[in-house]
Amino acid sequence: MANVFVNINDLSNQDLLSIIHQALLFKSGQLLPVMNKQVVANLFFENSTRTATSFQMAEMKLGYERIVIDPNKSSAVKGESLEDTLKTLKVIGVDTVVIRHTLRGWYDNFCQMAGKEIPKLINAGDGNGQHPSQSLLDLMTIIETFDHFRDLKVRIIGDLYHSRVARSNAEILDRLGANVTFAGPKVWSDPSLTQFGHVVDMDDDLEQQDVVMLLRVQHERLTDGENAHFTIDQYHEQYGLTRARYDRLKDQAIIMHPAPVNRGVEIDSDLVESPKSRIFQQMANGVFARMAILNSLNTSVLQKELLK
Ligand code: CP
């Protein structure tokens with residue numbers, strides 16, 4: 001296993017399925033953490049509730065020493081480069097650093113250095129690039145329901161262009177054999193995704209879908225011009241999961257959303273807690289998925305044992 005977890009699509013299918021398996025074992029209590037006093041620093045340059053808190057919870061459950069660094073009070077504000085910050089954390093004694101950053105691909109120049117001159121690296125979301133730990137918890141949630149990926153019909157709906165969740169999940173789900181389609185406003189389409197699935201109308205074959213994956217409208221990444229394309233009601237009517245669309249879904253279908261949810265925009269507020277919704281299950285799974293990610297970087301022996 002490498003010293004980085006920055007893009008879920010870098011993992012082999014075997015490593016990926018092994019980490020999902022570990023996460024499920026952590027959740028069921030069948031796999032107990034090996035307490036080994038790793039030191040993990042959490043450095044979030046972008047806001048987060050789920051990812052930041054569940055990484056910290058995962059670190060606590062694994063018995064790691066945790067450090068939370070507020071970027072606004074760090075020397076990044078004085079102009080220190082990310083490389084110098086990482087080298088500093090390494091010599092101070094940090095083994096692994098979890099970073100969320102606005103810059104897409106912030107890790108590109110650092111992967112070769114990870115575990116040597118700088119700590120091991122975990123990407124907690126990079127701009128509109130990748131969100132590998134979200135993707136892992138999403139895959140875990142799909143496995144809990146369907147027990148496989150092959151031929152599952154997965155529709156990813158919404159703001160495709162700005163979404164690191166769409167980018168991470170489309171590629172890995174396609175590779176795992178799912179049948180991915182995309183829907184959403186043309187102004188937020190992303191031609192780079194069409195290698196992983198067709199763009200369709202929101203309402204096409206809705207009855208056939210196994211997974212309806214809604215994406216957050218990312219107001220913080222939109223220009224005023226992009227925001228001006230819809231009112232909330234228009235977006236909800238055209239691309240949201242309304243009660244009428246929910247009623248068309250088959251019995252076994254599930255609804256996913258990375259959250260935070262804009263209730264009444266991507267999804268009717270009442271449907272967030274509906275029987276088909278896995279939204280809060282996704283959040284709960286985030287702790288176990290992140291335990292498995294941290295564990296896979298730090299205890300390769302256990303990883304090999306699980307593969308036997
Ligand atoms: N899904 C997700 O990444 O949520 P946060 O931004 O709250 O971490």
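What is the volume of the largest pocket? About 400 Å³. Before I go on, a word on the source. This is a predicted model, where local features need pLDDT of at least 70, side-chain atom pairs count only at pLDDT 80 or more, and totals for chains, interfaces and linings use all residues. Residues are numbered from 1 along each chain as its sequence is written, and side-chain values use heavy atoms, with hydrogens and water left out.

Now, the terms. We work on a 1 Å grid over the protein atoms alone. A pocket is an open set of points with protein on both sides within 12 Å along at least five of seven lines. A cavity is a set of points where a 1.4 Å probe fits but cannot get out. Lining residues have an atom within 4 Å of a point. Grid points are joined across faces, edges and corners, and a volume is the space filled by probe spheres set on the points.

Back to the largest pocket, at about 400 Å³. It has 20 lining residues, and the closest to its centre are Asn-47, Arg-100, Arg-164, Arg-216 and Pro-260. Two elements give two or more residues to this lining: α2 (50–61) and α5 (164–175). Helices here are DSSP runs of H or I, at least four residues; strands are runs of E, at least two; both are numbered from the N terminus.

Next, the second largest pocket. Its space is about 170 Å³. Of its 14 lining residues, Gly-184, Val-200, Asp-201, Met-202 and Tyr-239 are the closest to its centre.

Tyr-239 takes us to helix α7, residues 232–239. Its buried residues are Tyr-235, His-236 and Tyr-239. Why one face? An α-helix has 3.6 residues a turn, so residues three or four places apart point the same way. Buried means under 20% relative accessible area, exposed over 50%, partly exposed in between, with a 1.4 Å probe and protein chains only. The face turned away carries exposed Asp-233 and Glu-237. The buried residues of α7 pack against β6 (153–157) and α8 (243–248). Contact means heavy atoms within 4.5 Å.

Last, the cavity. The count is 1 cavity of 30 Å³ or more. The largest cavity holds about 40 Å³ of space. Arg-50, Gln-134, Leu-137, Pro-258, Gln-282, Met-283 and Arg-290 line it. The largest share, 3 residues, comes from α9.
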